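Colleague: I'm new to this one. Can you walk me through the model?

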Amino acid sequence: MMARVFAYPRLSVFVLIVWLTLNQSISPGQIIIGTALGLFAAVTLSALQQPGLRAGNPVAILRLVGFVGLEIVRSNIAVARIVLRPRAERRSGFLTIKLEIDDPYALTVLACILTATPGSLWVNYDPRTGLLLLHVLDLIDEAEWASIVAGYEARLKEIFR
Amino acid sequence: MSGLTDLPLWAAILVSIFVLAGSAMTLIGALGLLRFRTFYERVHAPTLGASLGTVGVLAASMLFFSVTRERVVVHEVLIFLFITMTTPVTLMLLTRSALYRDRAEGQDDLPDVRSVEDR
């Protein structure tokens, strides 16, 4: 039991920070409640028996965050253009891309990035073949989408190795 | 509650720009829902509101309350974090159900996701 309480120190600290930020207070009472919540979250997560997370390199994480931020702005503008343009020739469709990463956490982050970015949507991943099924709004150039995904993959590989 | 009178002009202008930019982005996303023709295209439209739309409104909120309360207010960042982490899950579930339905109805030009169903 004790081992499970302290199984995920980073998660516990994260929950504590979220709790204190939400309450906008660092009073001892809130710190105690936040710590209790963080440790409870660790116990809950160990019940799910997730594989261990080996996240590394905070610099690589910051670089990924910055890159994703720029991509989100760029694709927001691109999709807004598509919406506002009078009915123009446009082809949307499904696209299959072979992924190199197989770490479940890296795949989760990639799924969130691709779906949170307007214009691309993660539909399915087959762990046996490593094939990702993606739906994109503006399917002009399949190779361009493949290289965008490969760019994310390279950055994720630096973080989850 | 501190009123609008406490807000200096430069901050009022910046807050307005952020609010307008964020809501304009969300409006464009809503227009996209109307204008796109297929379900799979429509799923893309609301992400405008969930990304830059949210960022605009939250940036305005952070600036407004940081200036009027004279301390840094950052818990809006959490809203962005939670939205970014949860919206994709909903969109993925919606798309996969749509794909399942369309294939069950016999649209064979759509890609197969059976490999996941039989796992």
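**The hairpin and its sheet**

Modeller: Let's begin at a turn. This is a predicted model. In the hairpin of β2(A) and β3(A), 4 residues sit between the strands, and A:Gly130 there takes a positive phi near 75°.

Colleague: How do β2(A) and β3(A) pair, and over how many bridges?

Modeller: They pair in the antiparallel sense, over 6 bridges. β2(A) covers residues 120-126. β3(A) covers residues 131-136.

Colleague: Which residue is the bridge partner of A:Asp126 in β3(A)?

Modeller: That is A:Leu131. A:Asn124 stands opposite A:Leu133. A:Ser120 has A:Val136 as its bridge partner in β3(A).

Colleague: What is the strand order in the open sheet of chain A?

Modeller: The order is β1-β3-β2, with 3 strands and antiparallel pairing. β1 and β2 of chain A are at the edges. Each has a single partner strand, so one side of each has no neighbour in the sheet. On average, neighbouring strands of this sheet are turned by 25° against each other, direction ignored.

Colleague: And how many bridges join β1(A) to β3(A)?

Modeller: 6 bridges, and the two strands run antiparallel. One of the pairs is A:Thr96 with A:Leu133 of β3(A). A:Leu133 also stands opposite A:Asn124.

Colleague: How many residues of β3(A) are buried?

Modeller: 5 of its 6 residues are buried, so β3(A) is largely enclosed by the rest of the structure. β2(A) is mostly covered, with 6 of its 7 residues buried.

Colleague: Now A:Lys98. Is it buried or exposed?

Modeller: Exposed. A:Lys98 has 11 other C-beta atoms within 10 Å, and 12 or fewer counts as exposed. A:Lys98 lies in β1(A), residues 93-98.

Colleague: Which residues is A:Lys98 in contact with, leaving aside its neighbours within four places in sequence?

Modeller: A:Gly130 and A:Leu131. A:Gly130 is the hairpin residue with the positive phi. A:Leu131 is the bridge partner of A:Asp126.

Colleague: What separates the C-alpha atoms of A:Lys98 and A:Asp126?

Modeller: 9.8 Å. Along the chain, A:Lys98 and A:Asp126 are 28 residues apart.

Colleague: Helices next. Which strands does α5(A) lie across?

Modeller: α5(A) lies across β2 and β3 of chain A. Its direction is at about 150° to β2(A). Helix α6 of chain A, residues 142-159, also packs on the sheet. There, α6(A) touches β1 and β3 of chain A. The direction of α6(A) makes about 50° with that of β1(A).

Colleague: Let's zoom out. What does the domain assignment give for chain A?

Modeller: Two entries: domain 1 spans 2-47 and domain 2 spans 58-159. Their C-alpha centres lie 32 Å apart.

Colleague: And chain B? How many helices and strands does it have?

Modeller: 5 helices and 0 strands. From the N terminus on, its elements run α-α-α-α-α. Chain B has 119 residues, and 26% of them are buried. Take its contacts between residues at least 6 apart in sequence: 59% join residues at least 24 apart.

Colleague: How many residues does the contact take from chain A and from chain B?

Modeller: 28 from chain A and 30 from chain B. On the side of chain A that touches chain B, at least two residues each come from α2, α4, α5, β2 and β3 of chain A. α4(A) gives the most to that side, with 7 residues.

Methods:
Residues numbered from 1 in each chain as written. Chains lettered and ligands numbered in written order. Predicted model: local features only at pLDDT ≥ 70, side-chain atom pairs only at ≥ 80, totals over all residues. Domains from an automatic or database assignment. Buried ≥ 20, exposed ≤ 12 C-beta atoms within 10 Å, placed from the backbone. Contact = placed C-beta atoms within 7 Å. Pairing = 2+ DSSP bridges. Axes fitted to C-alpha atoms, helices over the stretch in contact; angles between N-to-C directions.
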